[in-house]
Amino acid sequence: MELGEYLPVLRTTNARMDDAAAEAVLAHGWPAHVSGCPGWRLADLIRHVGEVQHFWAWVVRTRATEPGGYPAPPRHPEDELLGWLSAQHAELEGALENADPAERVWTWAAQQDVAFVLRRQVHEAVVHTVDVEQVLGDVRAIPTQVGLDGLDEWLEVMVPGALPDGPPQSAHPVVFHAVDADAVRTLFPGTRPFPIAALTGTAGDLLLTVWRRIPLEVLTVDGDGLQAAAMIDLVKRE
C-alpha cells in the first residue's frame, strides 16, 4: 500500500468497527465473549481499542519523543463506551491527517515516525474490527491490498519485534501464498532448505491466520499444518 492509502482505509475500518460494535452490543450485550482475544469480553475489546487509539493520537498530536508524559484516559462505564470509541477514532484520524508521515515521533519499533503509527494503527483496527464482527457473527472480507500489506507488516515488524535475536534453532520456513494477490511470502526464510508447509488462501485470511483469528483449516495446507501453526506461534501475539 502507498502512504496515501492508509488514512482512508483507517477511516473506513473505524466506521465498520463502530457499526459492528453497536450491533453486537444490541444483539449480545457487553459481556459477549471475544473469540480472537481469549478471556476478553466485548467491553474489554472496545476499551482496549479506545485506549490504544487515544495513546497514539496523543503521540502524533504532541509529536512525543518518549511516552512518559502520556495522560491516560479515565475508565468509562459501559454505557459510554460506544460514544467514547467513536470519539477516539475521530481524534486519531484527525491527528494523522494533520501530521507529515515523515515527522519523528516515539514508537516501540526501530521506525520512529508518523508513518509507522499510521500503518500499525490501520492493521490494529483491521484485526480488531474482525474481532467485533466475530462477536456479531458477520465477518466481512478484508480487501486484498489491505490483507497483503497487513501480512507484510506482520513479517517485517511483528516477527523481528517478537524475536529480536532472530529465529530460534527450531524454526522452519512457512510459505504463505495469497491467491487473490498472486503473491508469495515466507516466514523464517533461509532457516531450512525446504519449508515445513505452504499455506494458501486469500491475503485477508492469511493475515487473520497469523494473528490467530481463524484456524489453519480455513486455508489449503500443503505439508505439516501442526508444525506450521507452531512456527506461527513462535511470534507472540499482542
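1. A friendly place to start is F176, which touches L151, W154, L155, A183, V184, R185, L187, L199, L206, V210 and I232, leaving aside residues up to four places away in sequence. Contact here means heavy atoms within 4.5 Å. F176 also belongs to the largest nonpolar core, which has 79 residues; F176, L96, W154, L187 and L199 touch the most other members. Such a core is a set of buried Ala, Val, Leu, Ile, Met, Phe, Trp, Tyr and Cys residues joined through side-chain atoms within 4.5 Å. Buried means under 20% relative accessible area, exposed over 50%, and partly exposed in between, with a 1.4 Å probe and protein chains only.

2. Please keep in mind that this is a predicted model, where local features need pLDDT of at least 70 and side-chain atom pairs count only at pLDDT 80 or more, while totals for chains, interfaces and linings use all residues. Residues are numbered from 1 along each chain as its sequence is written, and side-chain values use heavy atoms, with hydrogens and water left out.

3. Now the sheet: it is open, with four strands in the order 2-1-3-4 and mixed pairing. Strand 2 (183-187) and strand 4 are at the edges with a single partner strand each, so one side of each has no neighbour in the sheet. On average, neighbouring strands are turned by 20° against each other, direction ignored. Strands are DSSP runs of E with at least two residues, and helices are runs of H or I with at least four, numbered from the N terminus. Two strands pair if DSSP finds at least two bridges between them.

4. Strand 1 (residues 174-178) and strand 2 run antiparallel and are joined by five bridges. Within this pair, H177 stands opposite V184.

5. Helix 6 lies across strand 1 and strand 3 (197-201), at about 145° to strand 1. Axes are lines fitted to C-alpha atoms, for helices over the stretch in contact, and angles run from 0 to 180 degrees between N-to-C directions.

6. Which residues of helix 3 are buried? They are L81, W84, L85, Q88, H89, L92, E93, A95 and L96. Their cover includes helix 1 (3-28), helix 2 (42-62) and helix 4 (114-136).

7. G50 lies in helix 2 and is buried, at a relative accessible area of 0%. G50 touches W84, L85 and Q88, not counting residues up to four places away in sequence.
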